[in-house]
Amino acid sequence: MNMTLSHVTLGHADAVPEGAPIKVKAAGVNVFYGNKQALFDVSLNMLDRAVTALIGPSGCGKSTFLRCINRMNDTIVGARVEGLIEIDGENVNDRSVDPVLLRSRVGMVFQKPNPFPKSIFDNVAYGPRIHGMTKNKTELADRVEAALKKAGLWAEVSDRLNSPGIGLSGGQQQRLVIARAIAVNPEVILMDEPCSALDPIATARIEELIDELRRQYCIVIVTHSMAQAARVSQRTAFFHLGKLVESGSTEAMFTNPLDPRTQDYITGRSG
Amino acid sequence: MNEHIVKSYEEELTQLAAEVARMGGLAEAQVASCIEAVAKRDVKLAEAVVARDERLDAMEIEIDARCTRLIALRQPMANDLRRTLAAIKIAGNLERCGDMAKSIAKRALQLAETEPLTPLTGPIQRLGKLVNGRLHQVLDAYTSSDVDRAVAVWSSDHEVDEHYNSLFRELLTYMMGDPRMITACTHLLFVAKNLERIGDHATNIAEVIHYELTGTPLNTPRPKGAAV
């Protein structure tokens with residue numbers, strides 16, 4: 001005789017509880033580059049202490065959206081952002097917000113590691129120095145050490161802090177710039193394809209690091225690797241042609257997406 | 001549904017489904033043959049069913065291997081992932097159907113050596129036809145990706161239970177009436193039980209198809225016949 005099981009919800013270790021605090025809220029965001037509209041009415045909540053993955057084909061607007069969060073689009077001539085982006089309820093586009101201070105609260109990691117042409121120590125110390133975050137040399141050294149430890153790089157570089165940052169391997173450089181980002185105590189970390197230039201081992205290290213960091217920060221990551229989005233994120237948002245098509249728990253998005261466009265994209269079908 | 005950009009991936013998934021359908025066809029044929037072997041006391045046919053069961057076992061192993069390869073090499077997602085998992089589960093259920101058919105065929109060999117129980121042949125054949133019809137329908141639902149058809153099979157399982165229950169009572173009556181018939185009746189009782197279990201596997205397959213096609217389990221209470 002068959003047993004009919006009632007629906008069983010498995011306790012997914014990575015699941016984010018419903019009602020988790022919203023760290024970054026986007027509502028009705030439109031972005032224009034000159035006359036060309038790149039984002040159409042995007043509304044998305046990004047939760048604190050969770051990784052939100054933005055996926056979608058090239059040119060779908062996911063990087064544009066990411067760059068709205070720390071006002072990186074300000075630096076592009078002709079770019080115009082409409083709509084609301086809030087961090088903890090505060091509008092990032094408000095006149096009273098200093099973009100430089102905003103970017104210390106919202107760290108960013110790029111596709112290609114971009115350490116400064118300085119020593120490993122000075123790369124990490126740079127942010128705390130310009131923001132005047134430490135009182136003396138000992139405090140600064142402690143802060144650098146703490147950031148390098150959090151980025152999982154300390155053991156590999158503690159004996160050569162004065163060597164140039166660009167002398168490290170690609171994976172180490174990426175962890176160095178993550179250390180540089182977290183040295184200024186950010187609240188949100190944005191990552192734009194942080195592993196696409198790395199080998200699988202270095203990628204695994206960064207993914208492990210993302211999993212560590214998300215216990216403390218709100219992380220938003222753009223990735224072209226479906227498998228990576230599935231591995232590292234708790235929430236996934238799918239962008240297509242400048243629109244947010246669907247967002248939800250990563251588990252649901254990769255086992256049973258609701259929109260056929262999402263399904264086509266993540267299963268590798270041509271839509 | 002749109003096709004995969006990588007054609008060889010599309011082909012592998014299509015071949016997997018075709019392999020499951022082929023296995024289903026063989027399982028259905030095995031069930032039909034074992035019922036006929038019982039009804040017609042056909043020793044040769046029963047022996048053929050027993051011998052053919054190996055092929056079903058081999059096909060299940062082949063389907064599992066295809067799925068393992070797909071998961072390792074293609075990392076299927078969403079509906080593709082569900083299709084792959086469904087293939088493994090359906091193959092498992094079909095293999096069990098094959099085992100039931102083989103077991104029935106072995107009983108047919110025993111029954112051929114006893115006095116024929118003519119009045120019971122009809123009811124057994126009817127139960128067999130009903131069960132094999134369900135198996136056929138659910139496999140059709142699989143090949144045509146028809147969730148409504150799968151649900152129809154799933155929600156009509158009580159018909160098999162009712163048939164089985166009435167056959168059970170009939171067999172008891174015969175055994176009480178003439179203890180010399182106990183051996184043959186017990187064999188028939190097991191035949192009926194095995195047929196009922198094939199019906200259950202058809203129900204399981206319907207549930208798998210529902211999950212494959214919709215991504216959600218069938219979780220409403222299913223109509224059931226009274227338990228014996």
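A definition to begin with: two strands pair if DSSP finds at least two bridges between them. Helices (H or I, at least four residues) and strands (E, at least two) are DSSP runs, numbered from the N terminus.

Now the ground rules. This is a predicted model, where local features need pLDDT of at least 70, side-chain atom pairs count only at pLDDT 80 or more, and totals for chains, interfaces and linings use all residues. Residues are numbered from 1 along each chain as its sequence is written, chains are lettered from A and ligands numbered from 1 in the order in which they are written, and side-chain values use heavy atoms, with hydrogens and water left out.

Strands, then. Strands of a sheet pair through backbone hydrogen bonds, either parallel or antiparallel. Take β9 (residues 235–240) of chain A, which pairs with β3 (residues 51–55) of chain A. That pairing is parallel, over four bridges. Within it, Thr236(A) of β9(A) sits opposite Ala53(A).

β9(A) also pairs with β10 (residues 243–249) of chain A. Here the sense is antiparallel, with six bridges. Ala237(A) has Ser247(A) in β10(A) as its bridge partner. What lies between β9(A) and β10(A)? Two residues, in a hairpin. Leu241(A), in the turn, has a positive phi of about 50°.

Next sheet. It is open, has four strands, and runs β2-β1-β4-β5 in chain A, paired antiparallel. Which strands are at the edges? β2 (36–47) and β5 (90–91) of chain A, each pairing on one side only. Eight bridges hold the antiparallel pair β1(A) and β2(A). Ile22(A) faces Leu47(A) of β2(A) across that pairing.

On to a helix. α4 of chain A covers residues 137–150, 14 residues in total. First C-alpha to last, α4(A) reaches 20 Å, close to the 20 Å expected at 1.5 Å a residue. The expected span is 1.5 Å times one less than the number of residues.

Which residues of α4(A) are buried? Leu140(A), Arg143(A), Val144(A), Ala147(A) and Leu148(A). Down the axis of α4(A), these buried residues fall within an arc of 130°, so they line one face of the helix. The arc is taken over the directions from the helix axis to the C-beta atoms. Buried means under 20% relative accessible area, exposed means over 50%, and partly exposed is in between (1.4 Å probe, protein chains only). The cover over that face includes α3 (120–130), α5 (154–157) and α6 (170–182) of chain A.

Now the ends of α4(A). At the start, a side-chain oxygen of Asn136(A) comes within 3.3 Å of the backbone nitrogen of Thr138(A). Just after α4(A), Gly152(A) has a positive phi of about 70°.

Charges next. Side chains of opposite charge can pair when their charged atoms come close. The criterion for a salt bridge is a side-chain nitrogen of Lys or Arg within 4 Å of a carboxyl oxygen of Asp or Glu. How many salt bridges are found over all chains? The search gives 29.

One of them joins Lys23(A) and Glu187(A), at 3.0 Å, N to O. Lys23(A) is in β1 (residues 22–33) of chain A and Glu187(A) is in the loop between α6 and β7 (188–192) of chain A, so the pair ties together parts that are 164 residues apart in sequence. Lys23(A) is buried, at 7% relative accessibility. Glu187(A) is partly exposed, at 24%. Lys23(A) and Glu187(A) also belong to a salt-bridge network with Asp88(A), Glu90(A) and Arg105(A).

Chain B has a salt bridge between Asp157(B) and Arg134(B), at 3.3 Å, N to O. Asp157(B) is in α6 (residues 157–177) of chain B and Arg134(B) in α4 (residues 118–143) of chain B, so the pair links parts 23 residues apart in sequence. Asp157(B) and Arg134(B) are both buried.

Last, two backbone angles. Arg49(A), in the loop between β2 and β3 of chain A, has a positive phi of about 55° although it is not a glycine. Arg49(A) is partly exposed, at 48%. Glu193(A) is also not a glycine, and has a positive phi of about 50°. Glu193(A) is buried, at 13% relative accessible area.

Notes
Contact = heavy atoms within 4.5 Å. Polar contact = N/O pair within 3.5 Å; in protein donor to acceptor, adjacent residues only side chain to side chain.
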